Amino acid sequence: MFEAVELGNRLAKKDFNDRLPQLRTRLLEIQAALRETRMPVIVIVSGVEGAGKPKVVNRLNEWLDTRGIQTHAFWDESDEERERPRYWRFWRKLPPRGTIGIMFGSWYTQPIIDRVYGRIDPGRFEYELLRINEFEKMLSDDGALVIKLWFHITKKEQKRRLTPDKKGKLHPATGMVASPMQKKFLKKYDDFLTVSEEAIRATSSGTAPWHLIEASDENYRDFTAASTVLDAISRRLEEMQAAAKGKEKPSAAKPETPAASTPQRQVLDSVDLGQAISDKDYKKQLAKYQERLSRLAWAAREKRRSSIFMFEGWDAAGKGGAIRRLTGAMDARLYRVISVAAPTDEELAQHYLWRFWRHIPQAGYITIYDRSWYGRVLVERVEQFAREHEWQRAYMEINAFEQQLSEHGIILCKFWLHISPEEQLRRFQEREKIAYKQYKITDEDWRNREKWEPYKQAVSDMVTRTSTSYAPWHLIAANDKHLARVTILKSVCERIEQALDE
């Protein structure tokens with residue numbers, strides 16, 4: 001693969017200087033056009049050590065408008081990053097729509113290094129590459145343009161560049177300073193090339209292909225890199241314009257309606273809403289499980305095991321009351337409650353999972369989500385805020401997200417609080433009558449109630465497609481609020497105990 005770019009390409013200084021003004025002009029023009037779209041551009045800068053990647057990044061920042069570009073270098077993981085799933089650090093740095101993000105180092109770096117040094121076996125490396133493909137496909141499906149640049153130099157050229165001169169300095173083309181790591185790079189050139197070739201072959205897709213660039217000549221390297229970025233963005237914008245002209249504005253999708261055939265039993269129909277608990281038993285069990293949770297929260301803190309408790313359910317199902325019984329049992333320093341509402345402008349500029357990745361707890365702490373990422377397959381599906389292909393693919397995206405949480409050791413508990421339509425009506429009417437509860441009822445709650453059946457179908461699909469061995473759903477009978485609260489407390493305690501025993 002790499003021998004195909006070892007061609008000795010060069011760009012004379014005069015030619016470089018003559019062609020640069022037009023290139024810079026076009027870059028700024030295409031960047032201005034990009035701002036008017038909802039497309040984020042992710043530029044991954046990777047390649048052989050000593051190929052001059054730092055200088056390429058500097059050139060791109062020099063030639064583009066800095067107001068629409070962000071550069072992120074991923075070197076050693078910080079303590080904050082090590083305490084969360086590995087992709088957390090990348091999600092936080094994804095560029096907003098209409099801007100460019102340069103990833104100097106990326107989700108490729110660690111798997112390649114780990115494979116070269118034998119820290120992971122071939123099977124695990126293949127798994128990491130599959131995860132990368134899934135991640136990049138998810139970004140592309142959401143409208144992102146992923147441009148992957150790989151800079152190559154020969155082994156001989158690397159040795160020339162990474163061998164310090166008499167003054168201890170490296171060749172200026174590298175853009176690097178001498179360090180003890182240079183000898184390791186030189187010794188592992190062949191290993192890095194073999195592993196990198198495998199990674200490139202496995203992850204060069206139609207939506208996110210790799211671009212191999214010969215980096216022996218600085219002018220050729222930098223001009224080719226910038227031209228590749230320019231061409232990729234230009235092509236995508238042209239495709240978007242052609243698609244917009246060739247199609248009429250899509251009409252709103254028809255509301256989902258129940259099938260005309262014989263009604264089928266759904267997953268929520270299996271929840272026994274007739275269950276109840278006496279006041280005496282409620283008080284006894286509430287005290288028991290709250291005391292147990294208090295101890296377990298600190299035990300998890302000591303073992304640096306994070307937890308995420310996530311609540312979904314019908315309006316007025318008692319999510320807030322259940323959350324208050326959880327937080328009432330724990331030290332306030334250990335948890336954070338995230339109430340999820342309609343996305344802000346900042347959040348709309350990112351992939352829908354971005355705002356949830358931001359709040360992943362650090363090791364030993366707890367995040368409680370009052371509504372969650374499942375809004376994509378519930379509210380956004382039923383209210384047609386998301387197109388069908390968007391919420392359909394979300395099941396896979398959510399499963400992959402939760403799998404990463406689980407693999408990192410995060411304890412994940414997902415609750416759906418289920419009540420009957422009659423009980424919901426009673427609670428709505430109660431809220432309207434009691435002054436201090438009136439803030440809880442809105443016109444939107446009444447509108448949602450009219451779509452009970454579409455929501456019920458959406459919940460059924462959600463549970464069926466996202467209840468996994470690592471993140472199962474707990475369907476809570478919540479007609480009796482007291483029973484729901486102790487059931488949730490008990491489930492949380494048992495899940496934490498199980499995780500701490502593993």
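Predicted model: local features only at pLDDT ≥ 70, side-chain atom pairs only at ≥ 80, totals over all residues.
Me: What makes up the secondary structure of the chain?
Reply: The chain has 20 helices and 10 strands. Its C-alpha trace spans about 85 × 55 × 40 Å along the principal axes. Of its 502 residues, 51% count as buried.

Me: Why is Arg393 called buried?
Reply: Buried means under 20% relative accessible area. Arg393 has 12%, so Arg393 is buried. This residue lies in helix 16, residues 388–407.

Me: Why is Arg358 called partly exposed?
Reply: The partly exposed class lies between under 20% for buried and over 50% for exposed. Arg358 stands at 33%, so it counts as partly exposed. Arg358 sits in the loop between helix 14 (354–357) and strand 8.

Me: What does Arg358 touch, beyond residues up to four places away in sequence?
Reply: Arg358 touches Trp88, Glu346 and Glu347.

Me: Why is the pair of Phe311 and Phe415 called stacked?
Reply: Ring centres must lie within 6.5 Å to pair, and planes under 30 degrees apart count as stacked. Here the centres are 5.2 Å apart and the planes 25° apart, so the pair is stacked. Phe311 is in strand 6 and Phe415 in strand 9, 104 residues apart. Both are buried.

Me: Why is the pair of Trp314 and Trp416 called edge-to-face?
Reply: Edge-to-face takes planes over 60 degrees apart. The planes of Trp314 and Trp416 stand at 75°, with ring centres 5.7 Å apart, so the pair is edge-to-face. Trp314 is in the loop between strand 6 and helix 12 (319–327), while Trp416 is in strand 9. Both Trp314 and Trp416 are buried.

Me: Which strands form the open sheet, and in what order?
Reply: The 5 strands run in the order 7-8-6-9-10, with parallel pairing. The twist averages 20° from one strand to the next.

Me: What makes strand 7 and strand 10 edge strands?
Reply: Strand 7 (335–339) and strand 10 (473–477) each have a single partner strand, so one side of each has no neighbour in the sheet.

Me: How do you know that strand 7 pairs with strand 8?
Reply: Two strands pair if there are at least two bridges between them. Strand 7 and strand 8 (residues 366–370) are joined by 5 bridges, so they pair. Ser339 has Asp370, in strand 8, as its bridge partner.

Me: What is the expected span of helix 20, and what does the helix reach?
Reply: Helix 20 (residues 481–501) has 21 residues. At 1.5 Å a residue, 30 Å is expected, and the helix reaches 30 Å from first C-alpha to last. At its start, a side-chain oxygen of Asp480 comes to within 2.9 Å of the backbone nitrogen of His482. Helix 20 lies across strand 6 (307–313), strand 9 (411–418) and strand 10. Its angle to strand 9 is about 165°.

Methods: Residues numbered from 1 in each chain as written. Heavy atoms only, no water. Helix = DSSP H or I, 4+ residues; strand = E, 2+ residues; numbered from the N terminus. Expected span 1.5 Å × (residues − 1). Polar contact = N/O pair within 3.5 Å; in protein donor to acceptor, adjacent residues only side chain to side chain. Axes fitted to C-alpha atoms, helices over the stretch in contact; angles between N-to-C directions. Contact = heavy atoms within 4.5 Å. Phe/Tyr/Trp six-rings, centres within 6.5 Å; stacked < 30°, edge-to-face > 60°. Buried < 20%, exposed > 50% of the residue type's maximum accessible area, 1.4 Å probe, protein only.
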